[in-house]
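Q: I've got this model open and I'd like to learn how to read its sheets and contacts. Can we walk through it together?

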Amino acid sequence: MSTTHVRNVRPYGEDPTDLYVRDGVLVDHVDDPDQVVDADGLIALPGLVDLHTHLREPGGEEAETVATGSAAAALGGYTAVFAMPNTNPTQDSPVVVEHVWRRGREVGLVDVHPVGAVTVGLGGERLAEMGMMAASAAGVRMFSDDGRCVNDPLLMRRALEYARSLDAVVAQHAEDHRLTVGAQAHEGPVAARLGLTGWPATAEESIVARDAMLAAAAGARLHVCHLSTAGSVEVLRWARETLLPGTTATVSAEVTPHHLLLTDTAAEDYDPVHKVNPPLRPEADTRALRRALADGVIDCVATDHAPHAVEAKDCEWSQARPGMLGLQTALSVVTATMVTTGLLDWRGVARVCSEVPAAIAGLSDQGRPLTAGEPANLVLVDPDARWTVRGADLASIADNTPYEGMELPASVVHTMLRGRWTVQDGKVMTHE
Amino acid sequence: MTDATGIGLRHLLSTEGLRREQAEALLDTAASMEQALTGRAVRKLPTLRGRTVVTLFYENSTRTRVSFEVAGKWMSADTINVSASGSSVGKGESLRDTAATLAAAGADAIVVRHPASGAPHRIAGWLDRVGHSHTDGHVAVINAGDGTHEHPTQALLDAATLRRRLGADLVGRRVAIVGDVLHSRVARSNAHLLATLGAEVTLVAPPTLLPAGVDAWPVTVTHDLDGHLATGPDAVMMLRVQAERMHGGFFPSAREYAVRFGLSQRRADTLPDHAVVLHPGPAVRGMEIASSVADSDRAAIAEQVTAGVHVRMAVLYHLLAGEDVA
């Protein structure tokens with residue numbers, strides 16, 4: 001149907017070569033292509049996959065919609081995103097997940113995979129209809145109460161056991177809510193000075209340890225959302241080395257770009273654009289997280305893209321909603337924290353931003369090698385570009401970026417979803 | 001009265017970061033205010049005539065609000081009180097809009113009390129970003145207590161009281177702050193200010209009422225009140241324990257708290273003769289402090305209230321009295 005020739009591109013940052021696409025699939029060669037794209041100096045990576053996105057539709061359209069969030073995703077180099085269920089109504093039934101999935105297809109800029117709620121209304125009391133959501137057109141394979149922890153150990157145990165029969169993964173927002181009553185910022189010297197109620201690292205680490213044990217016992221698949229402390233890294237390492245061998249269980253974990261770059265001192269001006277859950281941690285944690293991502297203890301990067309209307313942020317710190325935009329800045333922040341520091345090469349970036357998240361979510365058509373016969377999901381990156389972040393210029397309706405005014409390396413130039421450009425020269429190619 | 005109003009202070013948001021010469025200038029001015037008013041039949045200085053001071057209180061407070069209001073009136077400022085229950089605040093107006101409205105309506109200074117830590121910082125940030133024609137583009141924000149963060153004028157009035165009792169130089173003076181440090185804005189402001197003034201501060205509290213990270217403060221910490229009192233501190237500042245903390249699991253019972261951390265007559269008797277007892281009020285008598293101690297000559301509770309007016313006059317003076325004011 002259509003053919004594309006991408007000339008002189010560097011797959012994974014390696015030697016320049018040419019890529020050919022025919023009818024949405026990478027092929028060895030195309031004669032007389034419909035389109036030739038000169039990619040001198042650009043790096044090709046498999047399209048990025050985000051396991052943790054808040055698209056806010058339905059119910060939060062003043063901050064983001066499937067359309068605007070999809071545009072932000074494409075501009076960030078993503079070809080698949082997982083939309084968290086804390087919408088209104090909650091994505092806890094087949095009808096809601098199918099609605100989100102259909103909207104994603106209509107917009108067509110990125111594959112939108114709705115995440116199903118673990119419990120009805122994220123209430124933490126009884127299981128949502130996970131099997132019905134899995135069997136729906138949306139084909140849900142990831143469940144999470146993200147924003148809330150499945151705090152009840154019995155309920156979490158049953159969720160893991162039940163999900164196992166669906167070949168699904170339970171993504172846990174690891175936060176023992178009894179330890180974070182009123183919490184506003186990382187518990188430590190900065191919060192103590194600012195008079196903000198502390199969010200202790202142990203609230204995350206104890207849940208990670210508990211859930212790893214429950215997953216091991218159930219032979220189930222656990223994914224830890226937005227891992228944020230050095231202690232959680234050690235718990236994860238311990239679980240992998242001593243708990244999981246000999247079981248069918250898997251425990252994976254993601255880290256957000258903001259936890260790789262920003263630290264708890266950002267709260268010092270009380271501007272809630274830096275308020276996020278889990279909170280920004282001290283520098284020692286960011287160092288441990290970077291190292292763990294490089295070593296593979298942390299499996300992947302996920303954005304926790306969380307748009308909020310201006311009223312939810314332009315207020316007192318304690319009144320503000322937690323969360324920050326992330327889709328359009330993720331690759332640049334990963335470049336700044338992992339590539340320019342020498343912790344990851346571009347193959348490593350492809351691994352943590354595309355291949356591994358696709359595998360965790362069980363996607364067979366994303367995060368694939370850049371070789372003939374594979375789906376043509378691509379992002380072309382200019383590694384030498386530098387750009388200054390302006391929230392107002394981002395595609396999201398909300399503009400709550402913590403990187404406002406910051407100059408970041410690397411920019412997404414083109415994004416391709418199954419052979420069709422969703423972004424060209426940094427501009428969205430809207431089809432809807 | 002001092003004629004040097006410029007001490008490089010645009011707002012008073014915290015005592016942390018206040019330089020020693022700024023703190024001493026404020027305290028010296030407070031002392032001058034006290035002298036200027038002593039023996040006057042009519043307690044009115046013309047200093048802030050034509051200036052408007054708005055108190056914006058999102059929490060109930062009698063003493064702090066009245067203190068600021070009296071301070072403003074004694075310097076001839078127009079003072080206006082806005083409270084959370086009696087204004088558009090109750091209708092859900094945002095803090096930003098409320099602050100902008102007060103600035104646009106002609107406030108030269110906004111005195112804020114708010115349950116959210118950092119709320120005065122937010123207001124100062126918002127107001128600094130827009131011009132205000134009536135004040136050369138500046139509206140001063142004064143923190144009258146924000147959440148569990150700071151209460152800088154309380155610390156200044158405590159320091160002023162200590163200077164009256166112990167002498168103007170607080171270098172090397174040993175001050176114990178006893179009680180619920182975790183939730184206390186008074187403790188935070190005092191720890192920083194007293195350290196800046198050269199005093200040695202010791203926090204005395206059960207571990208559950210100390211914030212994680214307190215070791216980064218310029219203080220020493222102990223859980224043993226009797227042990228610390230035996231070292232003969234120059235001053236003991238008792239913090240309020242709020243009713244909701246008593247049932248929050250921070251300590252087993254009010255009775256046990258009183259036994260371990262209350263300033264009983266027996267404990268007060270172990271103090272050196274010159275030692276001062278402070279309490280920011282309102283005190284829970286019998287729990288934090290025995291009535292006999294609160295009413296003794298050692299206690300400076302009433303002096304603290306009086307010093308509060310002078311200190312707040314000094315703060316308004318340094319923040320508001322520009323060159324165009326006589």
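Q: Let's begin with the open sheet in chain A: in what order do its three strands come, and is the pairing parallel or antiparallel?
A: Keep in mind that this is a predicted model. As a general idea, strands of a sheet pair through backbone hydrogen bonds, in either a parallel or an antiparallel way. Here the order is β6-β7-β8 of chain A, with parallel pairing.

Q: Which strands stand at the edges?
A: Those are β6 (48–53) and β8 (111–114) of chain A; each has a single partner strand, so one side of each has no neighbour in the sheet. On average, neighbouring strands of this sheet are turned by 20° against each other, ignoring direction.

Q: How many bridges join β7 to β8 in chain A?
A: Four bridges link β7 (residues 78–83) of chain A with β8(A). Zoom in on A:V81 and you'll find its bridge partner in β8(A), A:V112.

Q: Which helix lies across β7 and β8 of chain A?
A: That's α2 (residues 94–107) of chain A, running at about 175° to β8(A).

Q: Now the contact between the chains: how many residues does each one bring?
A: Chain A gives 19 residues and chain B gives 21. On the chain A side, helix α5 (residues 189–194) gives the most, with five residues. By class, that side of chain A has eight nonpolar, five polar and six charged residues.

Conventions
Residues numbered from 1 in each chain as written. Chains lettered and ligands numbered in written order. Predicted model: local features only at pLDDT ≥ 70, side-chain atom pairs only at ≥ 80, totals over all residues. Contact = placed C-beta atoms within 7 Å. Helix = DSSP H or I, 4+ residues; strand = E, 2+ residues; numbered from the N terminus. Nonpolar A, V, L, I, M, F, W, Y, C, P; charged D, E, K, R; others polar. Pairing = 2+ DSSP bridges. Axes fitted to C-alpha atoms, helices over the stretch in contact; angles between N-to-C directions.
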